[in-house]
There are 2 protein chains.
Amino acid sequence: LSDQFTELRERLALIHDVEKAAAVLSWDEETKMPPSGAEARAEQRATLNRIAHELSTAPELGQLLEDLRPFEDEHPFDSFEASLVRVARRDYEKAVRVPPSLRAEMTRSGSLGYQAWLRAREQEDYGIMLPHLERNLELRRQYVACFEPAGDPYDIVLDDYEPGMKTAEVVEIFDALKAALLPWLGSVSDLEPIDDSCLTGRFPRDAQRRFSQFVLERWGMDRAAWRLDKTVHPFATSFAPTDIRLTTNFHEDSLHGILSCLHEFGHGIYERQVDPAYARTPLAQGVSSAFHESQSRMWENLVGRNIATWRFFYPRLQEEFPEQFGDIQLETFHRALNKVHPSFRRVDADEVTYCLHIILRFELERQMLSGALALKDLPEAFNAKMAEYLGLNPPDVVAGVLQDVHWSDMTMGYFPTYALGNVVSVQLWEKAEAELGELDEHFERGEFEPLREWLRENVHRHGRAFTPQELLKRVTGSAMDPAPYLRYLERKLGELFGAAVA
Amino acid sequence: LSDQFTELRERLALIHDVEKAAAVLSWDEETKMPPSGAEARAEQRATLNRIAHELSTAPELGQLLEDLRPFEDEHPFDSFEASLVRVARRDYEKAVRVPPSLRAEMTRSGSLGYQAWLRAREQEDYGIMLPHLERNLELRRQYVACFEPAGDPYDIVLDDYEPGMKTAEVVEIFDALKAALLPWLGSVSDLEPIDDSCLTGRFPRDAQRRFSQFVLERWGMDRAAWRLDKTVHPFATSFAPTDIRLTTNFHEDSLHGILSCLHEFGHGIYERQVDPAYARTPLAQGVSSAFHESQSRMWENLVGRNIATWRFFYPRLQEEFPEQFGDIQLETFHRALNKVHPSFRRVDADEVTYCLHIILRFELERQMLSGALALKDLPEAFNAKMAEYLGLNPPDVVAGVLQDVHWSDMTMGYFPTYALGNVVSVQLWEKAEAELGELDEHFERGEFEPLREWLRENVHRHGRAFTPQELLKRVTGSAMDPAPYLRYLERKLGELFGAAVA
């Protein structure tokens with residue numbers, strides 16, 4: 001059996017290599033590739049995906065996983081051996097459910113949907129998108145049917161990003177969030193808005209890059225294993241725990257590029273700190289979208305919008321942008337960075353409104369998948385929820401239903417994990433503080449190693465060895481729970497606005 | 001049969017995609033990858049190579065190529081269809097000759113040889129290299145034996161880089177080169193050396209990059225399809241005719257980085273101008289190493305060290321480096337650029353001594369492969385030939401036998417193609433001038449399109465559709481012939497040194 005385990009490792013290593021090679025091709029495409037290389041690149045990526053899929057669904061792999069059941073039982077649940085067999089079997093069983101022809105058609109139709117989305121935005125015309133949405137939704141339903149869903153069909157799409165989580169659990173968490181966030185937003189809206197004019201101006205890109213590098217290196221980005229490159233839409237990716245790629249986009253007129261660095265660092269450090277023994281296995285990555293997002297939001301928000309952190313970094317920021325911040329008090333800057341204000345774009349949203357943007361999308365996705373909402377009525381339904389939750393009326397479809405790329409191929413189940421990431425981030429944070437003491441005291445001295453090492457030990461190193469639920473339980477003793485996040489927000493709002501809000 | 005041709009194209013496209021994906025991984029490794037990513041990257045590349053090899057030697061591919069013989073016969077020799085089947089069959093027949101186990105062992109042992117080469121250079125100790133050379137030579141001989149050579153075993157290794165060429169032909173050409181070059185070098189050595197002190201100084205990297213971009217764009221590098229990046233050892237690669245990557249290495253104290261850009265441009269434009277209809281087929285690349293090198297040397301030397309070219313570019317060079325070249329006459333700069341002077345390093349050699357560096361390596365390779373030269377005696381044999389051909393005694397093994405990477409895995413057959421590239425470059429050049437008139441008249445006006453388009457039409461677009469011999473015959477009506485190259489050099493030496501030399 002140990003020979004068969006060796007063979008399993010070899011097969012999984014091949015799959016892993018091909019998937020990581022495809023990731024290199026994507027990274028190059030988004031950061032370096034000259035534009036006319038796009039067509040050939042699409043073919044190359046499709047070929048690698050096809051090969052990875054063939055290797056992932058090989059009957060010999062299935063047989064091996066069957067044969068290794070006794071081997072798995074012999075090893076402790078949390079051993080490398082048992083975890084690898086268990087996770088590989090789950091991946092295999094999901095992969096073989098979907099016929100290659102449907103996968104290929106979803107990829108093809110998704111590309112067409114993406115092109116249509118670009119055109120529809122350009123012409124501010126949802127009608128261009130509609131037939132593609134119809135087709136992609138039809139394919140998404142066929143995909144769901146492959147898994148013969150017993151309960152809510154949305155469970156199937158959610159499982160691709162948050163394995164094991166049920167739609168009903170998401171609904172419960174989101175209802176709790178809405179119940180608190182909507183009244184808070186109402187109270188904030190009655191107040192004088194925070195003055196964030198210090199964040200408007202001219203910020204030379206070189207200085208933004210230097211400052212970002214300074215923060216990231218202080219946080220733990222080492223140049224032997226990381227890169228930071230320019231792209232259009234920032235993302236993080238990794239080709240191995242020893243090769244982490246962050247990307248960002250610095251604009252002269254705002255600091256968003258710096259904040260996106262802080263966000264992507266969270267994704268990067270998660271992949272960086274996976275147990276090196278998991279290299280070239282399916283265990284060597286973050287366990288779920290919500291967990292991944294918990295890390296990016298923790299570093300962006302809990303660390304990155306924290307006044308203690310800025311006590312350490314603000315003098316350096318003033319040095320890089322003396323005209324802009326030379327005369328601005330730390331407290332003024334910090335308040336500006338934490339302004340609460342409803343806005344159309346999800347990606348620009350603050351910590352209070354962000355979850356509302358997500359919840360409205362989740363609710364619409366469920367209605368689209370079930371058929372309760374016809375796609376032709378989506379723009380109106382979108383705007384109605386924007387009005388209800390955020391008090392905003394999008395002036396056009398670009399500020400409304402066409403703002404995100406996710407629906408161009410009817411990707412579903414992904415959006416909710418963004419908000420769940422917020423929820424998980426504070427559950428982990430409370431536990432870290434319980435064990436490490438007040439983190440702010442470390443941060444104001446520029447010490448981020450205690451938090452980073454705590455995350456390595458408790459979360460990162462485990463990769464995908466446990467399910468998200470198992471992992472969260474191991475670390476916090478609890479299931480996913482919105483209470484810590486709401487406590488955190490309530491405290492923060494109190495600090496920013498006083499008793500008027502929280 | 002046309003269905004089978006379609007299937008053939010699909011199989012070949014997959015192989016091509018995987019090979020190009022591997023090329024992306026290599027490019028990233030040499031230009032962008034953080035150092036700690038090396039180990040994982042080696043695994044990823046090995047996996048892609050293994051997959052490409054399995055696809056390339058699939059029995060179904062062999063059967064398809066057999067079945068398509070009548071289809072090939074139905075189509076004209078120079079049609080896309082017949083060329084594709086013919087070239088794919090030749091590739092297949094070579095690929096299946098070598099057992100995967102031998103290939104894997106050569107790769108593994110080659111890597112170890114490369115590591116040993118680095119250590120041997122560091123410690124200036126050939127002994128560190130010797131056991132690896134022995135092992136790699138043994139494997140190289142096993143490789144040759146796979147092809148059951150009837151004639152000179154060196155024919156087999158030569159064929160990997162210069163398909164169809166025989167060792168005896170190389171010997172004949174090299175003997176003719178030696179007969180002319182050695183006396184010329186003797187005459188030049190008796191003269192006052194050319195003063196090239198203007199090429200020493202401080203050349204800011206940014207200015208070198210701007211100037212290189214200016215030249216390359218004038219030559220035909222468009223930003224939609226090309227990139228220029230930094231690396232340690234310059235190279236060119238392509239991921240499609242629409243995605244060309246040049247690399248260089250600018251040093252503050254020399255202009256070598258600019259010259260390497262001119263060299264790599266020749267490789268790049270060859271791949272750029274392959275017929276777009278050949279995309280994703282084995283026809284979509286340069287036909288041989290000598291042909292590829294003919295293009296890089298044409299743009300580096302025939303165009304790039306030509307006074308007519310510099311009549312156009314020199315004012316811009318003076319602008320970028322005013323302190324260095326402000327007071328230097330064009331003619332002085334041009335003579336410095338063409339200094340003839342024996343030196344230890346092949347890669348720094350001028351147009352007269354370059355071929356001698358190559359010839360000595362070729363002669364040693366033949367002796368190593370046949371066993372006439374024992375590897376323990378290689379350093380002395382290398383130095384003896386350096387003394388005989390170049391009048392130099394390398395002070396250590398780094399300046400001597402360990403200077404090139406090629407022998408670290410006993411790669412053989414590659415070196416001669418560098419010199420053959422010189423030979424081919426002038427054969428093509430003479431033909432181009434016969435059809436286009438004096439190229440210098442175009443160059444001094446900054447017009448490089450006539451030459452570039454002539455090369456597209458006559459050489460580049462054909463990719464690998466014809467053998468190197470067929471292609472050269474189609475273009476020039478002749479076999480490979482050193483006479484044009486020698487005529488060119490004689491004329492140039494006459495211009496530089498007057499009647500004293502040529």
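Let me open with one pair in chain B of this predicted model: Glu105(B) forms a salt bridge with Arg108(B), with 3.3 Å between the closest N and O atoms, where a salt bridge is a side-chain nitrogen of Lys or Arg within 4 Å of a carboxyl oxygen of Asp or Glu. Both Glu105(B) and Arg108(B) belong to helix 6 (residues 100–122) of chain B, where they stand three residues apart, about one turn of the helix; helices here are DSSP runs of H or I with at least four residues, strands are runs of E with at least two, and both are numbered from the N terminus. Glu105(B) counts as buried because its relative accessibility is 19%, given that buried means under 20% relative accessible area, exposed over 50%, and partly exposed in between, with a 1.4 Å probe and protein chains only.

A word on conventions: residues are numbered from 1 along each chain as its sequence is written, and chains are lettered from A and ligands numbered from 1 in the order in which they are written. Local features need pLDDT of at least 70 and side-chain atom pairs count only at pLDDT 80 or more, while totals for chains, interfaces and linings use all residues, and side-chain values use heavy atoms, with hydrogens and water left out.

Over all chains, the search of the whole structure finds 86 salt bridges. Another within chain B joins Arg316(B) to Glu320(B), the closest N and O atoms being 3.5 Å apart; these two are four residues apart in helix 13 (residues 307–320) of chain B, and so are separated by about one helical turn. Arg316(B) is partly exposed at 23% relative accessibility, whereas Glu320(B), at 15%, is buried.

In chain A, Glu363(A) pairs with Lys385(A) in a salt bridge whose closest N and O atoms are 2.8 Å apart. Because Glu363(A) lies in helix 16 (residues 354–370) of chain A and Lys385(A) in helix 17 (residues 378–390) of chain A, the pair ties together parts that are 22 residues apart in sequence. Glu363(A) is buried, with a relative accessible area of 14%, and Lys385(A) also counts as buried at 14% relative accessibility.

Now to the interface. How many residues does the contact take from chain A and from chain B? It takes 36 residues from chain A and 36 residues from chain B, contact meaning heavy atoms within 4.5 Å. The area buried between chain A and chain B is about 2,800 Å², and carbon and sulfur atoms give 61% of that; buried area is the accessible area (1.4 Å probe) that two parts lose on being put together, summed over both.

The count between chain A and chain B is six salt bridges. Arg280(B), for instance, forms a salt bridge with Glu43(A), with the closest N and O atoms 3.2 Å apart. The elements that give two or more residues to the side of chain A that touches chain B include helix 1 (2–31) and helix 2 (38–56) of chain A, and helix 1 of chain A gives the most, with 10 residues. There is also a network of salt bridges that links Asp28(A), Arg41(A), Asp243(B) and Arg245(B).
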